Amino acid sequence: MTEKLTVATTSLAGCFGCHMSFLDMDERLLELMTIARFDRSPLTDIKHCSERVDIGLVEGGLCNAENVHTLREFRRHCNILVAVGACAINGGLPALRNHIPLEECLREAYLDGIGVEQPGIPNDPELPLLLDQVHPIHEVVVVDYFLPGCPPSADVFWKFLTDLAAGREPSLPSPMLHYD
Amino acid sequence: MSHPTFNLDGQDIPFSEGQTLMEAATAAGVYIPHLCHNPEFTPHGSCKLCTVKVNGRNCSACTFPASAGQQVLSNTRELNDTRRALTQMLFVEGNHLCPGCEKSGDCLLQATGYHLGMLNSRFPHFFPHRAVDASHPDILLDRDRCIFCELCVRASRDMDGKNVFGIAGRGIHNQLVVNSPTGLLKDSELTVTDKAAQVCPVGAILIKRHGFETPIGQRTFDRQDIGTEALAREQTAEGLTHD
Ligand code: SF4
Ligand code: SF4
Ligand code: FES
């Protein structure tokens with residue numbers, strides 16, 4: 001292969017656990033860097049995708065307007081978009097709030113909840129607006145691959161990326177398939 | 001003793017008079033995916049996971065009687081694609097957040113997803129609002145995870161003789177209801193030793209304070225495929241092995 005694969009990553013409404021699990025590849029990261037190069041990612045602190053990126057890994061679902069904006073930008077720039085982890089795939093634990101009206105959530109978190117000091121709902125124009133429900137990313141953009149798990153193990157990332165780099169159709173052997 | 005046979009995916013399967021395709025296949029060591037079927041109960045035929053093609057027509061293997069010479073297809077790409085879609089529908093019509101579920105790793109719905117290589121939920125999620133009933137001292141009812149297999153309904157009615165559970169409403173408005181003056185589990189006759197409290201294939205009816213006795217990662221379907229596990233479990237159920 002002449003050119004290295006470019007990989008962008010982002011975390012939307014997730015806990016960064018998927019990114020931490022990615023780093024659990026440990027010394028295999030060095031090997032990965034011989035075939036791939038990070039583009040936009042919290043790991044490089046690059047804020048926007050290059051014009052064309054080969055693979056975009058998206059952790060987390062959509063809980064606010066900025067998540068939707070970031071996801072659309074990712075989709076525009078990434079040739080292959082991958083939903084990584086339970087939250088990106090089905091909303092995950094943040095979606096536990098989906099049957100609670102938004103106003104009630106804010107009230108509990110910022111006004112009436114136990115231990116709240118200086119009650120007041122944050123309303124700075126810089127803060128992205130919350131969506132009324134948390135949504136998985138396939139409800140907004142076309143997703144090419146899904147890596148389930150909470151988080152997917154480092155082996156899953158490794159298998160997926162090395163499959164793609166070698167030109168194979170990525171597939172997860174059943175012991176690597178987990179929803180938890 | 002020789003038995004008549006039918007053909008399942010190219011293999012001759014012996015059966016006894018009155019057996020369903022599912023019973024004969026299980027006895028012969030062939031797994032057909034299923035969720036609402038449990039050999040201890042009268043077949044219900046509602047989830048359609050066990051759909052097979054019998055002489056070219058779709059039939060539920062758990063209810064369809066075996067007869068000599070049938071040509072049955074089960075483990076085909078088309079049927080497994082349909083089964084995966086049905087499983088995905090079950091996921092999106094409830095609230096299945098496996099990472100936060102006590103049943104994870106021992107759940108038949110999740111294990112069926114694994115078996116069928118289900119990687120996503122494919123459809124938009126309904127995120128329905130279904131009430132949790134934590135009123136009973138020993139048993140938790142989390143309706144978010146109910147797949148309406150009616151195993152608890154059948155167990156309570158046919159084995160425990162109590163009729164604690166029922167399904168009310170239609171379609172997406174289905175709800176598992178509890179037969180008690182308040183509608184709460186604590187005021188029903190359900191006890192922890194009832195079959196109905198033990199039989200739920202998913203994490204909807206859970207015995208309290210036992211959820212994490214086995215750590216996540218070391219549970220039944222963390223270790224093996226549901227096909228192997230279901231055959232082992234169900235072949236020992238009465239009346240399923242050939243003489
Ligand atoms: S019941 Fe099964 S599928 Fe549903 S959340 Fe629990 S483990 Fe997952
Ligand atoms: S509570 Fe469990 S056993 Fe009862 S119908 Fe729902 S999924 Fe089936
Ligand atoms: S197992 Fe046959 S219809 Fe559910």
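In what order do the five strands of the open sheet in chain B run? This is a predicted model, where local features need pLDDT of at least 70, side-chain atom pairs count only at pLDDT 80 or more, and totals for chains, interfaces and linings use all residues. Residues are numbered from 1 along each chain as its sequence is written, chains are lettered from A and ligands numbered from 1 in the order written, and side-chain values use heavy atoms, with hydrogens and water left out.

**View 1. The five-stranded open sheet of chain B has mixed pairing.** The order is β2-β1-β5-β3-β4. Strands here are DSSP runs of E with at least two residues, helices are runs of H or I with at least four, and both are numbered from the N terminus. Two strands pair if DSSP finds at least two bridges between them. At the edges sit β2 (11–14) and β4 (57–60) of chain B, each pairing on one side only. Neighbouring strands are turned by 40° against each other on average, direction ignored.

**View 2. Strand β1 (residues 5–8) of chain B runs antiparallel to β2(B).** Four bridges join the pair. Look for Thr5(B), which stands opposite Pro14(B) in β2(B).

**View 3. Helix α2 (residues 77–93) of chain B meets helix α3 (residues 108–115) of chain B.** Their axes come within 10 Å and cross at roughly 140°. That makes α2(B) oblique to α3(B). (Under 35 degrees is roughly parallel, over 145 roughly antiparallel, 65 to 115 roughly perpendicular, and the rest oblique; axes are lines fitted to C-alpha atoms, for helices over the stretch in contact, and angles run from 0 to 180 degrees between N-to-C directions.) From α2(B), the contact (heavy atoms within 4.5 Å) is made by Thr87(B), Leu90(B) and Phe91(B), and from α3(B) by Leu109(B), Gln110(B), Thr112(B) and Gly113(B). α2(B) also lies across β3 (51–54), β4 and β5 (71–73) of chain B, at about 150° to β3(B).

**View 4. A second sheet to look at is open and antiparallel, with the order β6-β7-β10 in chain B.** β6 (132–133) and β10 (205–207) of chain B stand at the edges with a single partner strand each, so one side of each is left without a neighbour in the sheet. Three bridges link β7 (residues 139–142) of chain B to β10(B), with Ile205(B) as the bridge partner of Leu141(B).

**View 5. Residues around ligand 2 include Cys146(B), Cys149(B), Cys152(B) and Cys200(B).** Being around the ligand takes a heavy atom within 4 Å of it. Also in this shell are Glu150(B) and Ile205(B), among others.
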